[in-house]
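Dear colleague,

Please find below the structure that I am handing over to you. My notes on what was found in it follow directly after.

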Amino acid sequence: MTNDNCNCNHKPPYAAKHPRRALCCCLAIFLLLAGITLLTLYLVYRPHKPYFTVASVIVLNLTTTTTTSAPPPSVSAAMQFTIITTNPNHRVSILYDRLSAYVSYHNQMITQPVALPPLFHEKHTRVEMAPVLGGAVGGGCGVCGRGGGGGAVPVAPEVAYGLGMDEEYGVVGLSLVLLGKIRWKAAGITTGRYGIYVKCDILIRLRKVFQLLGSMHCYVKVYEGNDNPRRVSKGLSEQKT
């Protein structure tokens with residue numbers, strides 16, 4: 001017995017009429033959810049650059065030698081800085097590599113660079129560093145440079161003249177510069193290395209008692225790539241001036 005109303009080719013009402021369109025919709029929903037997840041993770045874990053502050057400075061030596069003939073003018077300097085660095089991130093730690101520091105006057109180096117030890121900066125904490133720059137003074141602090149860098153540093157005649165005039169006036173404007181590499185670490189993931197450039201402009205009173213005129217916050221620049229730190233330092237210094 002046959003049923004004339006039977007349609008053997010009839011498709012169920014829920015069958016997809018456009019499989020490709022359904023697949024595209026599923027893929028779009030998946031990408032949208034993945035994007036929302038990545039954006040949420042970025043907003044939660046995105047790293048912020050550290051803060052640096054010069055809390056104090058001790059001037060052990062600052063001598064300018066000017067001559068009208070060879071050898072060229074030079075500066076002999078020895079200073080100990082107390083630097084406070086703050087990690088503002090609540091979920092991200094910072095690793096410092098290849099840090100070095102020196103003192104400059106009018107963008108010209110007056111102490112040789114001093115290498116600082118590697119530092120692991122825990123999230124949302126402050127770390128105090130006390131490097132000795134210039135002279136031949138060694139360590140003696142918790143986190144400090146490896147001494148060295150002693151002796152006079154040749155400078156341009158106008159730099160020696162300007163520094164000598166500032167010393168006579170009793171107030172000298174100097175810059176503490178830090179260069180190196182940093183990495184961020186969050187949830188067991190460590191990023192690649194980024195360059196970091198820190199410049200702290202300070203005023204020091206030289207008469208009677210050496211005194212830092214106020215607590216100075218520093219300019220911090222984090223940059224990508226494999227640029228030479230000295231070239232980056234020179235370029236950023238020229239931009240600031």
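A salt bridge (a side-chain nitrogen of Lys or Arg within 4 Å of a carboxyl oxygen of Asp or Glu) joins Arg 183 to Asp 97, with 3.0 Å between the closest N and O atoms. This pair connects distant parts of the chain, since Arg 183 lies in strand β10 (residues 171–186) and Asp 97 in strand β3 (residues 93–105), 86 residues apart. Asp 97 has a relative accessibility of 11% and therefore counts as buried, the term standing for under 20% relative accessible area, with exposed meaning over 50% and partly exposed in between (1.4 Å probe, protein chains only).

Asp 97 also meets the side chain of Arg 193 in a salt bridge, at 3.2 Å from N to O. Here too distant parts of the chain are linked: Arg 193 is in the loop between β11 (189–190) and β12 (194–205), and Asp 97, in strand β3, is 96 residues apart from it. Because its relative accessibility is 42%, Arg 193 counts as partly exposed. The structure holds 2 salt bridges, and Asp 97, Arg 183 and Arg 193 are linked in a network of them.

Please note that this is a predicted model, in which local features need pLDDT of at least 70, side-chain atom pairs count only at pLDDT 80 or more, and totals for chains, interfaces and linings use all residues. Residues are numbered from 1 along each chain as its sequence is written, and side-chain values use heavy atoms, with hydrogens and water left out.

As to the chain overall, it has 3 helices and 15 strands; these are DSSP runs numbered from the N terminus, helices being H or I of at least four residues and strands E of at least two. Of its 241 residues, 37% count as buried. Among contacts (heavy atoms within 4.5 Å) with a separation of 6 or more, 69% are between residues 24 or more positions apart.

Regarding confidence, pLDDT (the predictor's confidence in each residue, from 0 to 100) averages 80 over the chain, and 72% of the residues score at least 70. Over residues 137–149 pLDDT stays under 50, and the model has 32 contacts beyond four places in sequence for them. Where pLDDT is low, the predicted coordinates should not be read in detail.

With kind regards
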